[in-house]
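Subject: Structure handover

Hello,

Here is the structure for you to look at. Please open it first, then read my notes beside it.

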Amino acid sequence: TLDKYIGDCIMALWNAPRHLEHHECAAVGAALDMQARLLELHTGWLEEGLTPFRFRVGINTDTVLVGNFGCEHRLNYTVLGDGVNLTSRLEAANKPFGTVALVAESTRTNAKSEFAFRSVGTITVPGKTAVLHVFEPLYRTPSHSLSPASPTTGISGSFPSTCSAGFSNPFLRTPNTASHMDILEEIP
């Protein structure tokens, strides 16, 4: 479900309003598919002399409130809760880590049978004391295809046009072949 546009950000959620099995896998798969498609578009844009751009994605799985919020004159179908805030923080944490997509441990735990992940470090969310481990999704494991993926899995993607960091393509990485930094150097 596409929830809303927030400036240059898109917020989407899985498993609401209808139940969706493997919603974590659908969210991670969407992030990887967006990366692959943008890489294809970059090729054409470079040939036309246009400047490519980078995007960032944060994915979190949590129990949140979902439904129509507001008053009788203005209702908005959306999600509310700490899990939504963490999703936004994950999206923003991509910049210092130099990554495109970051997922919370809760998402990785539920999607690790279908995707490979790399631990990139820890973050502390303002207002919280817990240190959270964050992971970068790299690619679908060869033995799994994307399964269709509660208001519990949210994805927040930002599309800034002025980011100078390189574009990371998970489909070029396979186990034991290239490090994250090698890939970033190959794709300007």
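Below are my notes on what was found.

This is a predicted model: local features need pLDDT of at least 70, side-chain atom pairs count only at pLDDT 80 or more, and totals for chains, interfaces and linings use all residues. Residues are numbered from 1 along each chain as its sequence is written, and side-chain values use heavy atoms, with hydrogens and water left out.

Helices (H or I, at least four residues) and strands (E, at least two) are DSSP runs, numbered from the N terminus. Two strands pair if DSSP finds at least two bridges between them. Strand β1 covers residues 2-6 and runs antiparallel to β2, with four bridges joining them. L2 stands opposite A12 in β2. Two residues sit between the strands of this hairpin, and G7 takes a positive phi near 65° there.

Buried means under 20% relative accessible area, exposed means over 50%, and partly exposed is in between (1.4 Å probe, protein chains only). Why is strand β2 (residues 9-14) largely enclosed by the rest of the structure? Because five of its six residues are buried.

**The loop between β2 and α1**

Most residues other than glycine have a negative phi, and most peptide bonds are trans. Now look at the loop between β2 and α1, where N15 is placed. N15 is not a glycine, yet has a positive phi of about 80°. N15 is buried, with a relative accessible area of 13%. H22 is found in this loop too. Phi of H22 is also positive, near 60°. H22 counts as partly exposed, at 42% relative accessibility. P17 lies in the loop as well. The peptide bond from A16 to P17 is cis, with omega near 10°.

**Salt bridges**

A salt bridge is a side-chain nitrogen of Lys or Arg within 4 Å of a carboxyl oxygen of Asp or Glu. How many salt bridges does this rule give? The count comes to six. Three of them are described here, starting with R56 and E91.

- R56 and E91 meet at 3.0 Å, N to O. This pair links distant parts of the chain: R56 is in strand β3, E91 is in helix α2 (residues 82-97), and they are 35 residues apart. R56 and E91 are buried.
- E136 and R118 also meet at 3.0 Å, N to O. E136 is in strand β8 (residues 131-140) and R118 is in strand β7 (residues 115-124), 18 residues apart. E136 is buried at 2% relative accessibility, whereas R118 is partly exposed at 27%.
- E105 and R108 have their closest N and O atoms 3.9 Å apart. They are three residues apart in helix α3 (residues 105-111), so about one helical turn separates them. E105 is partly exposed at 35%, but R108 is buried at 18%.

**R54, a buried charge**

Lys and Arg count as positive and Asp and Glu as negative; His and the chain ends are not counted. R54 sits in the loop between α1 (23-47) and β3 (56-61). Which side chain of opposite charge is nearest to R54? It is E136, 7.1 Å away. R54 is buried and has no salt bridge. What does the side chain of R54 reach at 2.4 Å? The backbone oxygen of T99.

Best wishes

Technical notes:
Polar contact = N/O pair within 3.5 Å; in protein donor to acceptor, adjacent residues only side chain to side chain.
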